[in-house]
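Reader: I have just opened this one. Can you walk me through it?
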Amino acid sequence: MALSKNCYAGRILRVDLTSGSITTEELGPGLIDPLIGGRGVASKMLYDEVPPEVAPFDPENRLIFAPGALHGTGVPAASRTTVTCRSPLTEMHGDGHSGAQWGGELKRAGYDVLVIRGRANRPVFLSIDNDRVELVEAGNLWGMLTSQTHAALRDRCGIPDLHTVCIGPAGENRVFMAAIFHNGADKGTSARCGLGAVMGAKNLKAIATRGTHDVGVVDIEALKAAYQEYVAIINVDPHPVGGTRYGTCRFMYHRIKFGIHGAENWNYGEYPWEKLDPEVFRSDYQIKAAACVACPIRCRRDYRVVSGPFAGTTAKVEWETIARSMTCGIQEPEAVIAWSNICNHYGLDIEGTGDTVAFAMECFEKGILTPNDTDGLVLKFGNVAAFLELTRRIAVGQGHLAQTLARGTQRAAAQIGQGSERFAMHVKGGEMTAGDPRGMPVRAVSYATSTRGSDHLRSNPYIEEIMKPDEALTWWGSEEAADIANGLKGKGRMLKFSEDLVTIGDILGLCKFAFYRSATFPWLYQKGVALATRFYNACSGRNLSEAEMLTAGERVWNIEKAYNTRCGATRADDSIPERFFQEPLKGGGPSGGTVVDRDKFEAILDEYYKDRKFDPQTGRPTREGLERLGLQEIADDLQARGKLSRVTESP
Amino acid sequence: MREMTDGMQVCVHLYPPLNTAAGQSLIVMDLEKENTIQGLIDQLVARFGPQMRRYLFDDKDRIIPGWCVFVNQQPPVYFNRPEALSTILADGDEVSFLLALAGG
Ligand code: SF4
């Protein structure tokens, strides 16, 4: 039976680990109307409840779990749950998104949002079984891998289909790249921003959840009609095809096309990739193709090594696992699978960890680190044994170097010094992701403006690759915006739109691959805005327009920007590592020899700020921009703190 | 089985949306000997008409750069490389069309 007629359970669950108090409150229109759900609600709660005086590991930091508004409804690929906190990596807004069933289970238990505060005086797990919510002693779980924790909780609770989120040893040790894992090692990860470290700092090992209520849908016929249209698009849109065939490993072909691998700590654009060909993974290692909840695309892949030193090792592998392995110079698929296994079981974010290990390797190659510093590890690019062992050591905090690296690339560089800051590859403290931005200025700016540190999923940095000049003229006022390498005008507007666009996905809980990537712009808009809005209206009973849905995305982005501004961020933080500006991409190939043109970068950023109504001088929000979105109290708060800009136009 | 003298046959795997345009996912195409990928594309458009053209070319008549082609499951041929379209095909080749688009 559904708790309510629409897709909301209507309640927030609050748990204070310090006092042990557990309370519920109504999730009312004050949050739902402007922010809808998921990342939207979580970002606003973080702004309201965690001021800059609260450090990331302070018990008063919040860990906010918020399934997207459509999670649990049966809408295809509506499987995303946001976890939000103040990030130890960036010391700004932090969040991660995972496609797994746990968030739907939380809703079925009767809660749209779970807010954790405080710190338990000993390890605990939180048990949620519909209305029965309790904190349970978890000393025997502390030290377990993610897979072991999930299995132990299912045994202990006697519920075979219990859904869990947990941390591994990395989270317990407050490794800044620690993640939160859903249903064990290989089902889904809230990866970025050090969420697992914050959970560990709270002495919270896991959350075990069972819900038996249904999630309501107001207009099932409207949902069915939208579903038919969605399926009609993905049947003709070539974008999902590669995913269905290869999983996310297929993005290898895109990186080869442009020669933007970012191999060896973002030195090389072209790089030997043949052994990591998606076809090799498919034919030689794949054991399982699976889907997130209700997704027809089925891009999740599990692989198994059958022979050699890693025989028997299994792991879920995503494209970023392969990409970040290449960042460490790794070319062997077995090593990629073994590394994924370590990260997933010890509870590490693949992206942050890969870049941090790559940074250490470059330090070693340059003689800044010696075998004395590495406890004997030969940290050369491509050294598989060192790659795997350093990752494990980071997770468990073994040795001085691993403890230094466990605080992320930025802090490690500051500690190691000797010029290593020049090749510490991060934005706002968050390690790089995805492909090399050299030769692609709008992609470079998109990494810079992301509100949670470098990130390709915070926008659609590839949008210009699918736009035709006439579409660019209509939408961004200039045909140039569709020109990947040479265009300028309109790109800032395009980036702003794409950020608001994909934020809709995180609000509603829709997968980026399924809704916010496409082979053409009309399909992208139809799925990501028009159908997303129709799905939401059908499930919620509201009647939002497409423009209102986009405005909700923009509102959420502005809240996060204001949060970061309140934490001290300025225009200088919206930048990328100097390597991209100064060092031509090595290795030849389509993008070989290119750098990010600084003038173009700044010009796109200017246009972007202008379109966002941020002050181009300081990069801060303005009252005009915030009030336009109904965020007057945030404007007042920033003003009271001396962090509100008045200017909207370039001088 | 046809005797191959001046011509050759290649087996073509069409992934969406090209299979929609062709009405099938696997076809055999008769081509002149030593024809190229460009020649194969021309034949596909000639055989299956404007819908096939629409999926393969943009409105400036340039092939959509996202497409890549596998010949006999070898490393793919990309259309943003000038030499790609002149890749020579041989009798019995297996050719697959797939989009190399970004996302992750
Ligand atoms: S496209 Fe892939 S990641 Fe996205 S919901 Fe579907 S299976 Fe999951």
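Author: Helices (H or I, at least four residues) and strands (E, at least two) are DSSP runs, numbered from the N terminus. This is a predicted model, where local features need pLDDT of at least 70, side-chain atom pairs count only at pLDDT 80 or more, and totals for chains, interfaces and linings use all residues. Residues are numbered from 1 along each chain as its sequence is written, chains are lettered from A and ligands numbered from 1 in the order in which they are written, and side-chain values use heavy atoms, with hydrogens and water left out.

Reader: How many helices and strands are there in chain B?
Author: Chain B has three helices and five strands. Along the sequence they come as β-α-β-α-α-β-β-β.

Reader: What share of chain B is buried?
Author: Of the 104 residues in chain B, 52% are buried, meaning under 20% relative accessible area (1.4 Å probe, protein chains only), with exposed over 50% and partly exposed in between.

Reader: New topic. How many disulfides over all chains?
Author: Counting pairs of cysteine sulfur atoms within 2.5 Å, there are zero disulfides over all chains. Cys7(A) is in none, and the nearest cysteine sulfur, that of Cys539(A), is 5.5 Å away.

Reader: Is Cys7(A) buried or exposed?
Author: Cys7(A) counts as buried because its relative accessibility is 0%.

Reader: What about Cys166(A)?
Author: Cys166(A) is in no disulfide either; the nearest cysteine sulfur belongs to Cys157(A), 13 Å away. Cys166(A) has 0% relative accessibility, so Cys166(A) counts as buried.
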